Protein chains: 2
Amino acid sequence: MLKVISPEDALQVILDRFPPCSRRFDSVGIGNACGRVLNTDIVAVEFVPGYNRSTVDGYAVIASDTFGCTSASPALLTLAGEVLMGKAAKRRIVAGTCIAVSTGGDLPDGADAVVMQEYTEEYGNNLIGISVSVAPGNSIIFKGDDLMPGDKILAAGTLLAPHDIGILSALGYDKVGVRRRPVVGVISTGDELVATTSVPQRGQVRDVNTPMIAAAIRSFGAVVKRFGIIEDDKAALQMTLAQAVDECDIVLISGGSSAGTRDVTARVIENLGALLFHGIAMKPGKPTILGDISGKPVFGLPGHPVAAYFVTELFVRPLIDQLMGYPQKRRTVAARICEAVSSNHGRAEYIAVVLEDDDKVARPIRGKSGLIASLANSDGYICIPRDLEGLSKDAEVSVILWA
Amino acid sequence: MLKVISPEDALQVILDRFPPCSRRFDSVGIGNACGRVLNTDIVAVEFVPGYNRSTVDGYAVIASDTFGCTSASPALLTLAGEVLMGKAAKRRIVAGTCIAVSTGGDLPDGADAVVMQEYTEEYGNNLIGISVSVAPGNSIIFKGDDLMPGDKILAAGTLLAPHDIGILSALGYDKVGVRRRPVVGVISTGDELVATTSVPQRGQVRDVNTPMIAAAIRSFGAVVKRFGIIEDDKAALQMTLAQAVDECDIVLISGGSSAGTRDVTARVIENLGALLFHGIAMKPGKPTILGDISGKPVFGLPGHPVAAYFVTELFVRPLIDQLMGYPQKRRTVAARICEAVSSNHGRAEYIAVVLEDDDKVARPIRGKSGLIASLANSDGYICIPRDLEGLSKDAEVSVILWA
């Protein structure tokens with residue numbers, strides 16, 4: 001009962017079956033909100049700024065007092081005081097007077113413009129010469145120019161950038177509701193696996209997939225919960241998987257390489273829930289399993305590290321993006337491939353590439369799919385669809401960047 | 001003594017004066033190393049894999065025993081045992097025999113190929129029929145195929161991706177030396193500023209710059225240390241600045257908007273060290289200050305939030321990238337601007353834009369430079385060089401993305 005499906009169908013099954021849930025959100029301090037996705041619309045409840053402010057260093061005036069004046073015949077206004085930074089203007093301006101004000105300072109009541117310092121001169125005896133005619137509104141930011149109560153300023157689903165943190169600060173938010181980061185449980189199986197810190201004996205290999213996949217999951221913005229290396233035993237795996245499903249939003253079973261491990265994984269998923277597919281028509285990555293246990297996605301990843309890496313990038317990442325409200329867009333670069341690549345497997349083939357010559361040339365990385373070292377220095381990958389027999393040298397390719 | 005310089009010269013001064021220091025590195029667990037920059041070359045000290053392994057489920061054989069066999073006339077080999085996953089093969093293979101092995105299993109001594117399960121049949125009495133002729137080396141990954149002792153696998157300066165974490169795991173690293181994250185001190189000044197959580201009175205505004213700049217600094221990968229809001233007082237600022245220089249690698253003085261604040265900042269920098277420039281010929285962002293105190297860069301940022309944001313992106317970020325060993329490259333998108341933009345200020349002008357129509361169209365964001373809300377939904381910015389008088393509608397522009 002091996003249900004093998006195409007990569008496109010596999011992604012559709014995943015995204016359709018496990019939609020995001022807007023009820024799941026965290027309230028985080030704005031110091032930690034950058035890079036998270038807003039859970040609700042942000043609507044201004046106050047005026048920003050809350051009062052009229054000068055945008056220059058100079059003198060607040062009644063504009064009509066300056067009409068017609070020039071450097072040859074300046075208007076003479078009596079200095080009636082100074083607005084201190086951080087304080088409300090103390091007095092109302094009256095015709096024939098001006099009040100000194102700094103950039104950002106409160107505009108005195110009655111004033112309707114500010115004259116820049118550069119166009120003024122102190123004549124002594126509290127007299128200020130104004131050598132330019134200003135119009136009402138000049139050099140002022142008015143109350144509410146930035147935001148008015150009721151303005152919808154940031155929509156639910158916005159991926160918060162640093163400037164959005166500025167906007168939230170201006171509105172007085174110190175906490176904000178953001179989509180919860182999915183918790184991704186990672187279970188390792190495979191009797192041949194030993195921990196990274198162990199020295200493998202003959203027949204053993206270090207567990208490469210778990211730390212690599214964990215790093216990838218964290219780089220996608222999700223949280224990793226590790227369940228250690230479980231022996232290839234149905235009962236042991238079933239117990240750990242049940243616990244992982246209970247505690248996590250997504251579970252990855254990072255498999256050993258043998259068919260035995262894959263069979264155990266598939267049977268345990270069937271025992272606890274439903275097997276959605278078993279095998280994807282792609283290379284590398286064919287022995288990928290997807291299950292649904294209590295409404296939560298459970299992936300059986302291939303044992304070969306390169307295959308596991310591609311499957312995580314191509315299927316787990318879009319699911320995490322969907323759950324977090326991130327855009328699904330990937331960065332791509334158009335380049336020419338520097339050597340012919342054959343492909344006639346009747347399945348989509350994914351090939352890691354190194355970008356060279358200022359990103360104009362893509363060099364495919366050859367090598368047995370299990371060899372993780374082959375990915376060192378790779379910048380991304382290309383996909384050869386299954387209906388194509390390969391690529392000729394210098395063919396234009398779209399390189400999807402890893403990050 | 002106002003030294004105004006061009007944006008290009010400003011960046012050059014910054015990058016030349018404050019080079020990276022490779023002596024400063026952290027030893028971090030590989031679980032936290034993704035996204036960090038390697039401080040030293042990584043050289044393999046063992047073989048990966050450490051023994052010959054099967055790449056398929058099947059039977060280990062002496063290849064010459066299969067030569068000439070077909071499904072019509074299979075070779076008959078005696079099954080001499082099974083290699084258990086995680087264990088060394090127990091016995092050496094001899095002519096006329098085969099040993100069952102799983103994908104990733106240890107290849108028995110004497111064997112030089114593996115026949116896939118699909119090309120075999122059990123005949124009973126421990127006899128296995130082999131219906132395909134295999135060549136020596138078929139379906140084997142040899143000891144050291146992935147890495148050999150002495151292989152330089154990752155170079156100092158590599159920005160560690162998840163697949164690099166896989167490589168480090170395969171080599172048994174659980175810690176690795178990475179460039180230290182610079183600590184960036186942020187001091188707020190300006191008598192008009194109140195904390196985000198306060199309700200500003202007339203004449204006051206919430207401190208937008210500090211949380212926004214802090215979020216930007218963190219998104220660049222550095223560490224933020226906040227020194228609070230300091231009043232516009234030379235002695236108070238000087239004391240805090242001296243402490244910040246002592247405790248941090250870079251110090252940003254996130255200024256209030258008034259000329260008074262800027263003057264205090266410049267004088268305090270001169271008291272403690274050297275003023276490198278005072279003013280950049282750009283819009284927004286002109287009132288930017290750079291100083292060197294005890295060999296550490298001190299920036300006086302403009303008070304206007306949008307200006308402060310551009311200066312952080314254009315000058316602080318490249319410095320952080322340099323100190324962390326990150327590439328200086330920025331993501332850009334080629335688009336057409338949807339309306340004419342005039343610019344005749346004799347200085348470079350930076351304009352935030354929103355990308356529309358599947359990123360083909362850039363819509364410039366108008367608005368007074370102080371209005372932080374204008375940056376909501378912006379995707380990046382364009383630069384109009386100072387020798388250009390503006391852009392006509394539909395001109396092609398290179399949009400530099402914020403992230």
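A residue is called buried when its relative accessible area is under 20%, exposed when that area is over 50%, and partly exposed in between, with a 1.4 Å probe and the protein chains only. By that rule B:T103 is buried, because its relative accessible area is 7%. This is a predicted model, in which local features need pLDDT of at least 70 and side-chain atom pairs count only at pLDDT 80 or more, while totals for chains, interfaces and linings use all residues. Residues are numbered from 1 along each chain as its sequence is written, chains are lettered from A and ligands numbered from 1 in the order in which they are written, and side-chain values use heavy atoms, with hydrogens and water left out.

**The two chains**

- Two copies of a chain are related by a rotation about an axis and a shift along it.

**Around B:T103**

- B:T103 is placed in the loop between β6 (97–101) and β7 (113–116) of chain B, where strands are DSSP runs of E with at least two residues, helices are runs of H or I with at least four, and both are numbered from the N terminus.
- Leaving out residues up to four places away in sequence, B:T103 touches A:S257, A:S258 and A:H304 of chain A as well as B:S54, B:T55, B:V56, B:D57 and B:M85 of chain B, contact being heavy atoms within 4.5 Å.
- Although A:S258 is among these contacts, the C-alpha atoms of B:T103 and B:S258 are separated by 71 Å.

**The sheet of chain B**

- An open sheet of 6 strands runs in the order β16-β13-β17-β21-β20-β18 with mixed pairing, where two strands pair if DSSP finds at least two bridges between them.
- Its edge strands are β16 and β18 (274–278), each of which pairs on one side only.
- β18(B) and β20(B) pair in the antiparallel sense over 4 bridges, and B:F277 stands opposite B:L290 in β20(B).
- α3(B) packs on the sheet by touching β13, β16, β17 and β21 of chain B, and its direction makes about 170° with that of β16(B) (axes are lines fitted to C-alpha atoms, for helices over the stretch in contact, and angles run from 0 to 180 degrees between N-to-C directions).

**Helices α3 and α4 of chain B**

- Helix α3 (residues 209–219) is mostly covered, with 9 of its 11 residues buried, and these buried residues pack against α2 (162–170) of chain A together with β13, β16, β17, β21 and α6 (305–324) of chain B.
- The 14 residues of helix α4 (residues 234–247) should span 20 Å at 1.5 Å a residue, which agrees with its end C-alpha atoms being 20 Å apart (the expected span is 1.5 Å times one less than the number of residues).
- The buried residues of α4(B) are B:A236, B:L237, B:T240, B:L241, B:A244 and B:V245.
- Seen down the axis of α4(B), these buried residues fall within an arc of 155°, so they line one face of the helix (the arc is that of the directions from the helix axis to the C-beta atoms).
- On the other side of α4(B), B:A235, B:M239 and B:D246 are exposed.
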